[in-house]
Amino acid sequence: MENAIALLEEYEGVNTLVTCKELNFPGEPFDISYDMLNDESVWEDLFYDDHSTRSSNGPFLFEISKEVLDERVDSLMRKLIKRREYSTRGLYITTILIKLNPANYTAWYYRNECINRLNISLEDELDFTRKITLESIKSYQPWNHRRNICQLANNCFNELEYIKLEIATSPKNQCAWSHLTWLVDTFGIDEDGINKEIEFIDFLIGSDSYNNSVWNYKNFIIKRFKDAFGLDYIVKECKNNFELLMKKPKNESLVNYMTNMLSYCETLFSKCINLDFCTSTCNGPPTLCIISAIVKSRGISTQLLTLVAHILQNQSIDQLCNKDEIYNKIEVLFVCF
């Protein structure tokens with residue numbers, strides 16, 4: 001991870017320059033040998049299989065587009081599926097089909113069935129899938145296959161480090177963030193790992209504070225490993241990020257994060273969080289500090305209004321402030337805005 005951060009800092013986020021020799025990232029493109037496909041002796045039994053024609057009841061699994069896939073390879077895979085044959089030649093056929101179309105659901109499904117039955121190197125399989133992922137980084141199927149490999153091996157290998165390099169090339173890729181979240185949730189991380197995740201998150205936020213995926217992941221980490229974050233950290237998190245929000249009041253991603261974090265903070269802490277706008281008589285809770293700061297700052301945006309509206313919907317705040325008075329002040333600010 002340190003390598004990824006250092007390279008991103010050096011190149012200021014120019015994605016194509018993110019590399020890591022230790023993890024062989026991004027690695028060489030995957031090349032296919034067609035020698036086995038051209039050897040008809042390997043496929044002879046399929047060519048003369050009287051029962052290999054398509055049934056009139058409909059297609060096998062899913063209809064595969066002939067505009068993308070080689071018809072011969074497609075036909076061979078369908079015959080293998082019909083036979084329920086899970087072999088090395090079946091694995092080979094899926095390799096070709098996946099290279100032609102990384103989003104081919106049927107090929108990935110059949111490949112997974114083959115892997116479950118064959119004694120092959122799961123590390124080699126993971127390496128293949130990573131290369132396909134980089135060729136089609138927003139296709140769901142290769143990401144799901146990587147998850148299947150980790151589940152089958154009951155091992156996340158070095159995926160936690162590798163995926164950070166992939167996120168560096170595509171910081172808003174939902175598939176990548178979903179896979180990272182699944183890895184952490186499934187296999188867990190120790191205290192040092194938590195610190196590394198926060199370091200990585202804060203670096204990405206510093207690069208682009210409008211990246212909603214990063215904020216969602218930070219919210220997940222804090223709540224998933226809540227015992228690792230003391231009260232001081234949570235209070236500081238609310239305070240510092242609200243100050244950032246006041247500098248970037250149209251940051252909807254940060255508003256969503258603050259909405260979740262304030263709700264969580266008030267389950268632990270009900271006093272003043274000492275914002276710059278808080279007075280000596282301010283006793284909190286954090287949500288009231290936030291509202292007062294927004295009103296006193298005389299700055300407003302639709303995103304800040306969303307945060308205020310969420311806070312005022314909480315019935316517990318009725319005893320702490322006059323909602324009508326706050327609404328009137330916000331209305332004045334909004335008219336000026």
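The protein chain of this predicted model holds 17 helices and 0 strands. Helices (H or I, at least four residues) and strands (E, at least two) are DSSP runs, numbered from the N terminus. Of the 337 residues in the chain, 48% are buried, where buried means under 20% relative accessible area, exposed over 50% and partly exposed in between, with a 1.4 Å probe and protein chains only. Among contacts in the chain with a separation of 6 or more, 64% are between residues 24 or more positions apart; a contact means heavy atoms within 4.5 Å.

H7 has 14 residues and spans 20 Å from its first C-alpha to its last, close to the 20 Å expected at 1.5 Å a residue. The expected span is 1.5 Å times one less than the number of residues. Buried residues in H7 include Leu122, Leu126, Phe128 and Ile132, and also the charged residues Glu125, Arg130 and Lys131. Their cover includes helix H5 (88–100), helix H6 (105–117), helix H8 (140–153) and H9.

Two packed helices are described by the angle between their axes and the distance between the axes. The axes of H7 and helix H9 (residues 159–169) come within 12 Å and cross at roughly 15 degrees. That makes H7 roughly parallel to H9, since angles under 35 degrees count as roughly parallel, over 145 as roughly antiparallel, 65 to 115 as roughly perpendicular and the rest as oblique. Axes are lines fitted to C-alpha atoms, for helices over the stretch in contact, and angles run from 0 to 180 degrees between N-to-C directions. On the H7 side, Leu126, Arg130, Thr133 and Leu134 meet Glu159, Tyr162 and Glu166 of H9. By class, this contact has 3 nonpolar, 1 polar and 3 charged residues. Ala, Val, Leu, Ile, Met, Phe, Trp, Tyr, Cys and Pro count as nonpolar, Asp, Glu, Lys and Arg as charged, and the others, Gly among them, as polar.

The loops hold some backbone exceptions. Most residues other than glycine have a negative phi, and most peptide bonds are trans. Arg84, in the loop between helix H4 (71–83) and H5, has a positive phi near 60 degrees. Asn154, in the loop between H8 and H9, has a positive phi near 50 degrees. Arg84 is exposed at 64% relative accessible area, and Asn154 is exposed at 63%. A cis peptide bond, with omega about 5 degrees, joins Phe25 and Pro26.

Residues are numbered from 1 along each chain as its sequence is written. Local features need pLDDT of at least 70 and side-chain atom pairs 80 or more, while totals for chains, interfaces and linings use all residues, and side-chain values use heavy atoms, leaving out hydrogens and water.
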